[in-house]
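Here is a short report on the model below.

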Amino acid sequence: MFEDLLREWDGEEAVVRFDRPSGAWMFVCIHSTVRGPAGGGTRMRVYGEPSDGLADAMRLSAAMTRKMAVADVPRGGGKAVLAVPELPEGDARRRLLLRYGELVESLCGTYETAGDMNISPADLDVVAERCSRVFGTTGRGGNSGRGTARGVFHGIRASVEHVFGSPDLGGRTVLVQGVGAVGADLAGWLAEDGARVLVTDVDAELAGRVAGKVGAAVVAADAALTTECDVYAPCAVGGTLNAESIPGLRCRIAAGSANNQLATPEDGDRLHDAGILYAPDYAINAGGVLQLLGMESLGWDDEELERRYAGIGDTLRMLYREADEAGITPAEAAERLAARRLSRAT
């Protein structure tokens, strides 16, 4: 199965290692180094099959290439997945992360990592004991979720402006699906800006806590996709926008932080045909990349960071304008922008 995936992939390099002590598979996928070292987070997750973890890393690394290009930062795209039989804790987790750090260090700078699903800044501290190419540790850039949320906030305002004529969120209903590190901060900023916020999460207790903190209403997880709102903001796992779910959506805009929100490229056309404006995920969720690179590598201060977060909204405005003028979807406009910047770098 690995062979089939590798033959079909358009990336530069995939490193596959079986970690016998833990039973985990380590996958590091370097999709492109055309614009600089491949950057992307590390995801730890239980998969049905190891090949599912490799496929996930491949998809995510390609999205990182596009994200870096659209954000116009000097990095390529990569992603790492630790496909574990169960989420490890204590000493077993530490030992796995140390061995993973050794693997990344052995790549001699072609891949730079940060956090993703189930990988915290404290985990990255452990990785950094053996690896010099780590962003987002506790002592430096910190958790990139806050930067991601800030960029999505600006992206939602730009999307609302395109559909309704004004970026004002007063009276607009935004449903935040997934209220973890990104979704909780996003819900707070939306509420502060006057939006009527709905929150949902598979962890109902977490959803209730966030709702109480920001003054939101809770929607049951199984009703989220069919709840009426102006903006549906997916901030958890990808693939929620698909052939089955899109006909039931009752929103005008889909704009959130999740990676790989479209189950297939054709789902961008389905959203367009349904009259739903889609904010390409790798364009709107680049705030975490800006936070870590800006703070740890590019020397940006808080004022410059906020300007860059707001620039995500400006990028979306440009993509929406180009899509309208060319008669294409925003997803296709984003692909064209990434391709232009990659071509110039080549």
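A crossing is left-handed if the near helix is turned anticlockwise from the far one by less than a right angle, and right-handed if clockwise. Helices (H or I, at least four residues) and strands (E, at least two) are DSSP runs, numbered from the N terminus. This is a predicted model: local features need pLDDT of at least 70, side-chain atom pairs count only at pLDDT 80 or more, and totals for chains, interfaces and linings use all residues. Residues are numbered from 1 along each chain as its sequence is written, and side-chain values use heavy atoms, with hydrogens and water left out.

Helix 5 and helix 6 (residues 181-192) cross in the right-handed sense. Their axes lie 8 Å apart, and the packing angle is about 45°. That angle makes helix 5 oblique to helix 6. Oblique is what remains after roughly parallel (under 35 degrees), roughly antiparallel (over 145) and roughly perpendicular (65 to 115). Axes are lines fitted to C-alpha atoms, for helices over the stretch in contact, and angles run from 0 to 180 degrees between N-to-C directions.

Which residues of helix 5 meet helix 6? They are Gly145, Arg146, Thr148, Ala149, Arg150, Val152, Phe153 and Ile156. On helix 6 the partners are Ala181, Val182, Asp185, Leu186, Trp189 and Leu190. Contact means heavy atoms within 4.5 Å. The residues of this contact divide into nine nonpolar, two polar and three charged. Ala, Val, Leu, Ile, Met, Phe, Trp, Tyr, Cys and Pro count as nonpolar, Asp, Glu, Lys and Arg as charged, and the others, Gly among them, as polar.

Ser144 sits in the loop between helix 4 (121-128) and helix 5 (145-164). Ser144 is buried, at a relative accessible area of 17%. Buried means under 20% relative accessible area, exposed over 50%, and partly exposed in between (1.4 Å probe, protein chains only). Leaving aside residues up to four places away in sequence, Ser144 touches Gly288, Gln291 and Leu292.

Nine of the ten residues in helix 10 (residues 287-296) are buried.

An open sheet of five strands runs in the order 1-2-4-3-5, with mixed pairing. Why is one side of strand 1 and of strand 5 left without a neighbour in the sheet? Strand 1 (13-19) and strand 5 (111-115) stand at the edges, so each has a single partner strand. Neighbouring strands are turned by 20° against each other on average, direction ignored.

Strand 1 runs antiparallel to strand 2 (residues 24-32), joined by seven bridges. Two strands pair if DSSP finds at least two bridges between them. Phe18 stands opposite Trp25 in strand 2.

## Strand 6

All five residues of strand 6 (residues 173-177) are buried. In a regular strand the side chains alternate between the two faces of the sheet. Thr173, Leu175 and Gln177 point one way, and Val174 and Val176 the other. Strand 6 pairs with strand 7 (residues 196-200) in the parallel sense, over five bridges. Thr173 has Arg196 as its bridge partner in strand 7.

## Two positive phi values

Cys108 is not a glycine, yet has a positive phi of about 60°. Cys108 lies in the loop between helix 3 (90-105) and strand 5. Is Cys108 buried or exposed? At 69% relative accessibility, Cys108 counts as exposed.

Asn260, also not a glycine, has a positive phi of about 50°. Asn260 lies in the loop between strand 10 (253-254) and helix 8 (266-273).
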